[in-house]
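Student: Hi! Could you walk me through this one while I have it open?
Tutor: Happy to, just ask as you go.

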Amino acid sequence: MKRHTHISATLSVALATMLLSQSAISVELNADNERERERERVILAQTSLESKEPQSVKSRDKIDSALDTTNNTNTTTSTNATTATNPANTSQDLPPQSTSSNHSSQSTQDDLDTQASYKNLEAKDLGRVSASAPKREMNRENTIFIDKEDLANKGYADLEQALTHQASITLTPSVNGQRQIDIRGQGLDAIKSVKTYINGVPININDTGYGASRNGFSLNGANPFNLIDINDIESIEVLAGGGSVLYGSGTRGGVVNIITKKPSKNYGRVSLEGVAYEAKEALSGKASVGGGYNIKDKAFISANVSYAYKNGLRPREYTKNAYASLQASYQISEKHKLDFSANYAKSYQFFAGYNNKFINGTQEKSISAMKQERYSTPTQATLNGVVMQDLVQASLKYSADFSQHLSFSALGFYSFSDFAFPEISGDPTIANANITGTNSNHNAGVFLKLKHSTKNNKFYAGLDNNVEISSANSGSSDKREGVRYSGGVYLLDSFMPSKYFSLTGGARGEVVYYDVDRTAVTSFANPPTNIVSSLGSRQDIKANYAAEITPAFHYGEAGTLYAKGEIGFISPSVAQIINAISTGNSSKEFAKSNIKPEQYFTGEIGWRDEFLFSSFSASAYYTHSFNEIRYIYQTAVRNFFNLGETQRFGFEFVSKQRLFDKILSLQESINFNYSNVLKGRDETATFNANAIGASDASQEGKQIPYVPIVKVSLLANVQAIKVGKHSLNIFYNNSYYGQQVDNNYALMNRGGYVLGDIGFTYAYNGFSISAGVRNVYDSFYIAYQSSSSSVRGQTNTHTRTYLAGEGRSYYIAGKWEF
């Protein structure tokens, strides 16, 4: 504790020193700063003349315009003819743009400069609110925006690091050390209830109901978001809570959209990075190369290639990741445009397995003992082996601006993901008990959207079509193949009869068709025997619906009070349509599970405003879910069922300041989440009555696993130097994570833990160097824990495996952009 206090005092002195030095520098730059403020005042005067639009649609416009991927311009450099005629700019609520392709006149160029400046300041305001920035719309949802400058100035090696300290977000465990993005307390169900996009294409399509599991909560179907090279990312947008009307199934927690870079001018980039752990003599590294070329202001093409090698915490552990991307755009005419995007990633990871938290099954290890074995090979390793992931994605987007008020877009896409992981059957009588499980998914679809907007009204109509071909197997013994087709239509309208009130409402209808086949071969070693079980093709149809209504009251220049009600759904996966039922002697037969789609209702109230140099956002929510899907696993048999009811409620508060002429930027956030099971298993599903937890009455009243009750974060950034082409930024990120429970409700991370990062980025004329420390306090925490099913919630257990989080590490990275 003394060392932490000393570090905090040292940081405070350092921050104060930098502020004083910057104050001296700012005197020399006073004229430049005054010109910048004058430009902002001009832009503010322009934007203040525009009437407010309904808040609920505006917040969706932010993330929806990104999902459309129609804006293919760099947010800080988009001043060419392509940008001027891009129909997508209407969704960014920019000042009116000239449609002329002739940029020879000084007035036209001035307009473009003003538009680019406004767009740049607006984007910055999303991530780092400044009272001196133009007044943008105050979105009613808690929308987090991380721009490329944030990613560059913090030295993040991957997306996990970029999201660790962000408000509303936690990272929950998945199979073999993988982690998933969680919003609003979804726990291990985050893979199916937080929807992740890359340029408008969903990527978390791996089947959530099959593979390594822990008593009802799926650990596989890993979301491959962390395979994307962070150097290729323009921005990350996170919409907390809901979204089923526009985005369909799987948005109970929220929506995450990753936007890759689509600059509009010629560029090149080379970067090298290195990482070292304090307690381990091992180095990790990454190399990335990218570039783009503008072809006669009509077309643009860019590409990025990277390779990363990361040493793991324990001996033999490693992660290898190769990534490549290709982006292209073509301006057909002033009002018609094509955008193409393709991404490929492949990852190999050797996972050393989990440690046992108990000595001889009775005495729990001390924190100091577990901290010492954090970097050693597990003595009782389980589920160890090589984890492999593949991601292929391609999309083609057509955008048309038919008139000042009417626009249309059509997005066609294909994606493929493959996930292979080590799996142990748990039955010593079965031959080849140590086997590898795989999940493969092909996903293709077409999204059509029509938008009509006027001064006081915005109307959206859309048609989504999606086909997913899913397959999985455990070695050669258990195979499942299936097709899921979903077709949905939605309408959303927002009306603003006065500047003080707006009303948004919409609805979606969706039909899902399933065709699934399941086969298993159980092989016995003594005597050698094979038992074949096959279900044959089985079909099913599910109908779903979603609706929302959001009244909002507006006051002053930026204040908004809103209330939201939403009904949403989560469709079953392909694997969840079929149950396996034990018939004795480790053999099994199959039957339709009669599983129901998950349904939920979310009520939310919120407030946003700006005062002086600060912005504030606060919201409280309550989500009540019906038919939440779980499953029980016993002796290689999985049984899916619906829980009766669950609830999640909490509040979120975010405050941002930019002080001392933007030298110091601060962000504070508090997130409280509580979730538990209200009603146990629904009895209508076909189920194995002899499985552990078949009645599942013990789940009632229990907390949803792997959800920190509270998260508190402080992010600080000091612009220590900004003179000519020289800049120096120093950052300090600090987060407290509250305690959680594991899959069987045993406590983990008692009392919580603190993670802190500190570092700097120096840049000059396209060159930059970043260095810093992750987990500066060397805090010990448990990233994943699993208890045996016979000891739900007890402090003593026979089996409780765990995976320790990373200790203190040091990084350095160099980059050259030209």
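This is a predicted model: local features need pLDDT of at least 70, side-chain atom pairs count only at pLDDT 80 or more; totals for chains, interfaces and linings use all residues.

Student: OK, on to the nonpolar cores. Which residues of the largest one touch the most other members?
Tutor: They are Leu-151, Ile-181, Ile-183, Phe-225, Ile-233 and Ile-236, out of 30 residues in that core. The elements giving it two or more residues include strand 1 (142–147), helix 7 (159–163), strand 3 (179–183) and strand 8 (233–240).

Student: Which strand gives the most?
Tutor: Strand 8 does, with four residues.

Student: What does Ile-236 touch?
Tutor: Setting aside residues up to four places away in sequence, Ile-236 touches Ile-144, Phe-145, Ile-146, Leu-151, Leu-159, Leu-163, Val-256 and Asn-257. There is also a second, separate core of 14 residues, with Leu-188, Phe-351, Val-387 and Met-748 among them.

Student: Which residues does Gln-740 contact?
Tutor: Beyond its neighbours within four places in sequence, Gln-740 is in contact with Tyr-706, Val-707, Pro-708, Ala-746, Leu-747, Met-748, Asn-749 and Tyr-753. Gln-740 is found in strand 36 (residues 740–741).

Student: Is Gln-740 buried or exposed?
Tutor: Buried, because its relative accessible area is 7% and the cut-off for buried is under 20%.

Student: Switching to strands. How do strand 33 and strand 34 run, and how many bridges join them?
Tutor: Strand 33 (residues 664–681) and strand 34 (residues 710–723) run antiparallel, joined by nine bridges.

Student: What about the hairpin of strand 29 and strand 30?
Tutor: That hairpin has two residues between its strands too, and Leu-612 takes a positive phi near 50 degrees. Strand 29 (residues 598–611) and strand 30 (residues 614–626) pair in the antiparallel sense over 13 bridges, and Glu-610 stands opposite Ser-615 in strand 30.

Student: Where is Ser-168, and what is its phi?
Tutor: Ser-168 lies in the loop between helix 7 and strand 2. Its phi is positive, about 75 degrees, although Ser-168 is not a glycine. Most residues other than glycine have a negative phi. Asn-627 also has a positive phi, of about 65 degrees, and lies in the loop between strand 30 and strand 31 (629–634).

Student: Last topic: how many salt bridges does the count come to?
Tutor: The count comes to 25 salt bridges. One of them pairs Arg-184 with Glu-604, the closest N and O atoms being 3.2 Å apart. Arg-184 lies in the loop between strand 3 and helix 8 (190–193) and Glu-604 in strand 29, so the pair ties together parts that are 420 residues apart in sequence. Arg-184 and Glu-604 are both buried.

Student: And which residue does Glu-598 pair with?
Tutor: Glu-598 forms a salt bridge with Lys-192, with the closest N and O atoms 2.7 Å apart. Glu-598 lies in strand 29 and Lys-192 in helix 8, so this pair ties together parts that are 406 residues apart in sequence. Glu-598 is buried at a relative accessible area of 0%, and Lys-192 is buried at 12%.

Student: Which residues make up the network of salt bridges that share partners?
Tutor: Asp-189, Lys-192, Arg-252, Glu-598, Glu-628, Arg-630 and Arg-648 are joined into one network.

Note on methods
Residues are numbered from 1 along each chain as its sequence is written. Side-chain values use heavy atoms; hydrogens and water are left out. A nonpolar core is a set of buried Ala, Val, Leu, Ile, Met, Phe, Trp, Tyr and Cys residues joined through side-chain atoms within 4.5 Å. Buried means under 20% relative accessible area, exposed over 50%, partly exposed in between (1.4 Å probe, protein chains only). Contact means heavy atoms within 4.5 Å. Two strands pair if DSSP finds at least two bridges between them. A salt bridge is a side-chain nitrogen of Lys or Arg within 4 Å of a carboxyl oxygen of Asp or Glu.
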